[in-house]
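Here is a short report on one protein chain. It starts at a pocket and moves on to the fold, the core and the aromatic contacts.

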Amino acid sequence: MKVLIGVLRGIALLLAMMTLQSCSRTQAGPNGGDVVPLNNGAKAEVVANADTGEVIVHTWDQKLETRQGIASKPMMIGSGSQTTELQPYPTSTDRPGLCSRFYGQASWMRGGKVSQGWLGSGADHRSEFAWNNCWTGGAAHGSMWTEMGDQRSGMMGRGMLHGAPGGGMSHQ
């Protein structure tokens with residue numbers, strides 16, 4: 001009996017070590033952000049700017065090689081009780097009705113202290129993820145923030161008011 005208990009403990013320890021290793025390694029996307037699976041088979045890449053609280057989500061195919069447009073509807077990103085709506089901002093290569101880039105900004109993301117969160121299309125589907133790579137990916141790709149142009153709230157006096165039609169972000 002002691003041998004059986006010892007073997008079971010050894011197996012449990014091995015499984016725990018394997019689980020910890022798989023959780024500590026997170027996949028980085030093409031822009032260096034965190035990769036999050038979506039319910040439609042695509043993968044999302046979350047890239048964040050700790051200085052401004054901006055976040056951009058790019059959607060990719062399963063291999064993270066080609067942009068994959070999804071329904072051009074707002075997404076939600078959150079951490080704990082904090083949430084922000086990400087508006088679709090199609091790229092020039094997105095087909096009508098589809099979008100491969102989503103953008104938002106919120107004060108709760110400033111400072112880069114968020115470490116756990118979720119991404120989803122509503123209450124029906126949320127994928128949780130660790131914000132391990134998104135801050136460094138956002139810092140390394142500064143040009144993607146200027147691509148958002150007038151959508152950037154409060155940047156150099158430009159931007160749209162929250163809640164205005166076509167506004168690019170939502171603070172909550």
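The largest pocket is lined by Leu38, Asn39, Asn40, Ile70, Ala71, Lys73, Pro74, Met75, Gly120, Ser121 and His125. Its volume is about 200 Å³. Two strands, β4 (70-71) and β9 (116-122), each supply at least two residues of that lining. The model is predicted, and all values here are computed from it.

**Fold**

The chain contains 3 helices and 10 strands. Read from the N terminus, the order of elements is α-β-β-β-β-β-β-β-β-β-β-α-α. Of the 172 residues in the chain, 44% are buried.

**Nonpolar core**

In soluble globular proteins, nonpolar side chains tend to be buried together. Here the largest nonpolar core has 23 residues. Val46, Val57, Met75, Ile77, Leu86, Leu119 and Trp131 have the most contacts inside this core. At least two core residues come from each of β2 (43-49), β3 (54-60), β5 (75-79) and α2 (134-140). The top contributor is β2, with 3 residues.

**Aromatic contacts**

How many aromatic pairs does a search of the whole structure find? The search gives 4. In one of them, the ring centres of tyrosine 89 and tyrosine 103 lie 6.2 Å apart. Their planes meet at 80°, so the pair is edge-to-face; the cut-off for that class is over 60 degrees. Tyrosine 89 has a relative accessible area of 11%, so tyrosine 89 is buried. Tyrosine 103, at 0%, is buried too.

Trp108, Phe129, Trp131 and Trp135 form one aromatic cluster.

**Cysteines and accessibility**

The structure holds 0 disulfides. Cysteine 99 is buried, and so is cysteine 134. The table collects accessibility for several residues discussed in this report.

| Residue | Relative accessibility | Class |
|---|---|---|
| Tyrosine 89 | 11% | buried |
| Tyrosine 103 | 0% | buried |
| Cysteine 99 | 0% | buried |
| Cysteine 134 | 0% | buried |
| Leucine 64 | 12% | buried |
| Alanine 28 | 42% | partly exposed |

**Two loop residues**

Leucine 64 sits in the loop between β3 and β4. Leucine 64 is classed as buried because its 12% relative accessible area is under the 20% cut-off.

Alanine 28 lies in the loop between α1 (2-24) and β1 (34-37). At 42% relative accessibility, alanine 28 is partly exposed. Which distance separates the C-alpha atoms of alanine 28 and glycine 137? The separation is 8.5 Å, though these residues are 109 residues apart along the chain.

Terms used: Residues numbered from 1 in each chain as written. Predicted model: local features only at pLDDT ≥ 70, side-chain atom pairs only at ≥ 80, totals over all residues. Heavy atoms only, no water. Phe/Tyr/Trp six-rings, centres within 6.5 Å; stacked < 30°, edge-to-face > 60°. Buried < 20%, exposed > 50% of the residue type's maximum accessible area, 1.4 Å probe, protein only. Core = buried A, V, L, I, M, F, W, Y, C linked by side-chain atoms within 4.5 Å. Helix = DSSP H or I, 4+ residues; strand = E, 2+ residues; numbered from the N terminus. Disulfide = S-S within 2.5 Å. 1 Å grid on protein atoms, 1.4 Å probe; cavity = no way out; pocket = protein on both sides within 12 Å on 5 of 7 lines; lining within 4 Å. Points joined across faces, edges and corners; volume = space filled by probe spheres on them.
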